[in-house]
Amino acid sequence: MRPLYREAQGKLSLEGGNAGLWYDKFFDGWQENDWKIPEGAKLDWIKKTAKEKCDDRDLLRAAEIRLARLVEGKGGEVLHYRLESDFVTGLGRQHPVENGFTWHHTLGTPYLPGSSIKGAVRAWAMQWAEGVERAKIKRIFGSEGKNDRAFHAGSVVFLDALPTAPVFLKADIMTPHYAPYYQGDEPPADWHSPNPIPFLVVKAGASFVFGILPRKPEYAEDCRTVKGWLAEALEWIGAGAKTAVGYGRFAEDVEARERFDRAREKEQAEKQKREEEERHRREVEEQTRDKSGLYAELFRASVEGRWREQREAFSQQGVIESWMDRLESEPERDAIELFNEFMQQHYGDVLKNPDATKGKKGKPKHKPRQRELAKRWLKLMEERGDG
């Protein structure tokens, strides 16, 4: 049962939707009469959520690109890490199953808030990093409270860490044995009953992208320092919840980094191609203004085929022949003059004397096709009075 109108009950589905919204708002394990949750309903709800796809690959890919552009634009570091153990976050959030979960509101995926990352790295720098001055820590991470008279923000900004691909979830169980003791009612003793509590986790193996950037350009060195601390903190103390028992350990994800670099190279190549096409389009538009339609068509073909730069492209079998056919049937003056420029550039020597010979035996200097094309073009030019 869900706290919704009866008409809406059958229309709700996780498929294709925001998993975080589904998990947080549409728990249906209550009994109808007394609003109590029967035994096993909490675990069933977690398993039901874990079984469904909880994020969209294309949305995650787009988010990764946006994060990378922001970070690189500010001179920061884009880093990829892979989960070496299960990961849990947001256990303290309120939820009917007792333990909440941190979902990205718009992407509907588990994520690691930048504030949590900053806290983990700060803890590492203060407790385990060697030879770090307190003043440096304060400069990088900022003041610890607003009561600080010299309050200031940190020199390094920590962005949320997002999965780079859909993650796999699963149900896990913690079993405290001394609940009365933790509640402050009784001393710890063996006669207390274990209390299994289910909670949702991200399976090990998921890849996350992290972003850190300097608040100002002059803090770039601080950003590089944090990069090293972040790697050590993620490996040794982990991030998220329950890190004391091994959850949330990360290692550098070389494969994800290489995939990301290849994707960026492909993106850059496609961008250059689009810019080149746009440049050609503008060039054609500029050069063909007030010209005949055949001239525009010929000019566009020459730009796309790179005839001025590459003789082989212009001389390719059938290219010259087909355009001569067009020019003989549609003798537009401007188009003929343009084509003559290419003929003079690439066949100027042949046009001077198509039947020229070489050597004592008087062998033809030019190949049969070259002689044929030159004679045909000279005839066309002669017929229109330019020969």
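**Close-ups of rings and cores**

Tyr 295 and Phe 299 are both buried in this predicted model.

**View 1. Tyr 295 and Phe 299 form a stacked pair.** What angle do the planes of the Tyr 295 and Phe 299 rings make? It's 10°, with the ring centres 6.2 Å apart, and planes under 30 degrees apart count as stacked, so this pair gets that label. Both residues belong to helix α10 (residues 293–305), where being four residues apart puts about one helical turn between them. Look for Lys 291 too: its charged end sits over the ring of Tyr 295, 5.2 Å from the ring centre.

**View 2. Tyr 181 and Tyr 182 make a tilted pair.** Here the planes meet at 55° and the centres lie 5.5 Å apart. Tyr 181 is partly exposed, at 41% relative accessible area, while Tyr 182 is exposed, at 59%.

View 3. Across the whole structure, a search turns up 26 aromatic pairs.

**View 4. Trp 229 sits in the largest nonpolar core.** This core has 45 residues, and Phe 210, Trp 229 and Phe 250 touch the most other members.

**View 5. Arg 311 lies over the face of Tyr 347.** The distance to the ring centre is 4.7 Å.

How values were computed:
Residues numbered from 1 in each chain as written. Predicted model: local features only at pLDDT ≥ 70, side-chain atom pairs only at ≥ 80, totals over all residues. Heavy atoms only, no water. Core = buried A, V, L, I, M, F, W, Y, C linked by side-chain atoms within 4.5 Å. Buried < 20%, exposed > 50% of the residue type's maximum accessible area, 1.4 Å probe, protein only. Phe/Tyr/Trp six-rings, centres within 6.5 Å; stacked < 30°, edge-to-face > 60°. Helix = DSSP H or I, 4+ residues; strand = E, 2+ residues; numbered from the N terminus. Lys NZ or Arg CZ within 6 Å of the ring centre and 35° of its normal.
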